[in-house]
Amino acid sequence: MDGAPVDVSAARGTPAAGVPQVRDGQSRPREAGAGRPGGVSIPRQRRGFSGGPRQDHVDAFDGDVDVFTPRSGIGTQRAETYPRFSGPHGSPLAAEPYGDDGEAPPTGGPAQSRGGKGRTFTGIAAAAVTTVLAVIVAGQVADGRDRAARAGSGADARAVDGAASRGDDRTAPSASAAPSPVVLSYAQAMDTKYPLSAELAGSGKFTAVPGGAKAPGKGRKYTYRVDVEQGLGLDGKLFADAVQKTLNDDRSWAHDGARTFERVSSGRPDFVITLASPGTTATWCAKSGLDTTEDNVSCDSASTQRVMINAYRWAQGSRTYGDKIHAYRQMLINHEVGHRLGYGHVTCDKDGEPAPVMQQQTKFLDHDGIHCLPNPWPYPRS
């Protein structure tokens, strides 16, 4: 039925194609009053069928209604429009047997013929049109329901999908979810090297690590602040914790209760341990007449408050210590604070012994044919 036109010629007063036509009836005597013998004209009869119609069709249209008779008012009066049906894919179907303009069948006016044969033909034609319309309507209703069901299910699916995609509490796919940050213990973090350029020259601006740590011992107390140069990308708290733990270790300068160290973040401390880029370290060491650029090392800038720790060395270590970055960081702190406490450079005297913490272990372990072992502590045997 897709897009097939419906033959409605029968609905416009012409017998449907294929229906045999009956010849005109014999001429009848003219009656007076019409300019012909007899004076009265006899209305011409409609063509009928050669065979009789089914009785139920005749009974169904037994009234004096002739649906094919033109009525008065066509084209001048608009009545209630009949609903139009749509075929598959929205194609219109000729469901209105009275024209494509949507007008209702005209009403009023007498039928031209009330003969039995005319009514018979009328009944059969109307029944045929009714049957066609019934088939069309049934098909369109079924098709419409099917399309509506499909559209409804699609709309529901889209609505559910849209709501899910817009939901505020939806869970992101595991493949694209951001991994949880790895939390390292203190020992793990101190065993990890971090990326930092040996030629980095930072901003020269420092930030004090907030908070503090009380001195744990009863010996001579030294207070210090930890500053970190801005923009290094290193963990300032890890550095501050490392300083506090290292200095107060019994193998360090706190040995045997001689000293204790307390970290503060305000006031005027005894010194400031500063983690800075190689460029900034060189600048501050030069203020005390020290050149750190040749081997990219750290220093105690004695003419200032700052004990300078080269961030490159803190992050990457040295060739002499290799992968033992944790021990190297302890040596770096103890060596430079030892200068602040008044100790100068020394070297080991016997082959195979631990190097003194005040030996320049970043630069060398072996000297004068003596092989020294790496050592981060002032009192390693404690």
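Student: Why is Gly233 called exposed?

Tutor: Gly233 has a relative accessible area of 77%. Exposed means over 50%, buried under 20%, and partly exposed in between, with a 1.4 Å probe and protein chains only. The 77% of Gly233 is over the cut-off, so the label is exposed. Two ground rules before we go on. The model is predicted, so local features need pLDDT of at least 70 and side-chain atom pairs count only at pLDDT 80 or more, while totals for chains, interfaces and linings use all residues. Residues are numbered from 1 along each chain as its sequence is written, and side-chain values use heavy atoms, without hydrogens and water.

Student: Where is Gly233 found?

Tutor: In the loop between strand 2 and helix 4. Helices (H or I, at least four residues) and strands (E, at least two) are DSSP runs, numbered from the N terminus. Gly233 and Tyr194 are 39 residues apart in sequence, and 9.3 Å apart in space, C-alpha to C-alpha.

Student: What makes strand 2 mostly covered?

Tutor: Of its 10 residues, 8 are buried.

Student: How do you know that strand 1 and strand 2 pair, and which way do they run?

Tutor: Two strands pair if DSSP finds at least two bridges between them. Strand 1 and strand 2 are joined by 3 bridges, so they qualify. They run antiparallel.

Student: How many bridges join strand 2 to strand 3?

Tutor: There are 6, and the two strands run parallel. Lys221 stands opposite Thr260 in strand 3. Strand 2 is also joined to strand 4, by 5 bridges, again in parallel. There, Val228 stands opposite Leu275.

Student: Why is the unit of strand 2, helix 4 and strand 3 called right-handed?

Tutor: Point the strands away from you. A crossover is right-handed if the path from the first strand over the helix to the second then runs clockwise. The β-α-β unit made by strand 2, helix 4 (residues 236–247) and strand 3 (residues 259–264) carries that label.

Student: Which residues of helix 5 are buried?

Tutor: Pro278, Thr280, Thr281, Ala282, Trp284 and Cys285. Their cover includes strand 2, strand 4 and helix 6. Arg306 lies over the face of Trp284, 4.9 Å from the ring centre. A charge sits over a ring if NZ of Lys or CZ of Arg is within 6 Å of the ring centre and within 35 degrees of the ring normal. Arg329 is placed over the face of Trp314 too, at 5.1 Å.

Student: How do you know that a disulfide joins Cys285 to Cys299?

Tutor: The S to S distance is 1.9 Å. A disulfide is a pair of cysteine sulfur atoms within 2.5 Å, so this pair passes. The link is left-handed, with -105° about the S-S bond. Cys285 sits in helix 5 and Cys299 in strand 5, 14 residues apart.

Student: Why does Cys285 count as buried?

Tutor: Its relative accessibility is 0%. Cys299 has 3%, so Cys299 counts as buried too.

Student: What joins Cys348 to Cys372?

Tutor: A disulfide, with S to S at 1.6 Å. With -45° about the S-S bond, the link of Cys348 and Cys372 is left-handed. Both cysteines are buried. The whole structure holds 2 disulfides. Counting bonded cysteines along the chain, the pattern is 1-2, 3-4.

Student: How many aromatic pairs are there?

Tutor: The count comes to 6. One of them is Trp253 with Tyr343, at 4.6 Å centre to centre and 20° between the planes. Rings of Phe, Tyr and Trp (its six-membered ring) pair if their centres lie within 6.5 Å; planes under 30 degrees apart are stacked, over 60 edge-to-face, the rest tilted. The pair of Trp253 and Tyr343 is therefore stacked. Trp253 is buried at 4%, whereas Tyr343 is partly exposed at 32%.

Student: Why is the pair of Tyr321 and Tyr328 called edge-to-face?

Tutor: Their planes stand at 70° and their centres are 5.4 Å apart, so the pair is edge-to-face. Tyr321 and Tyr328 are both buried.

Technical notes. Contact means heavy atoms within 4.5 Å.
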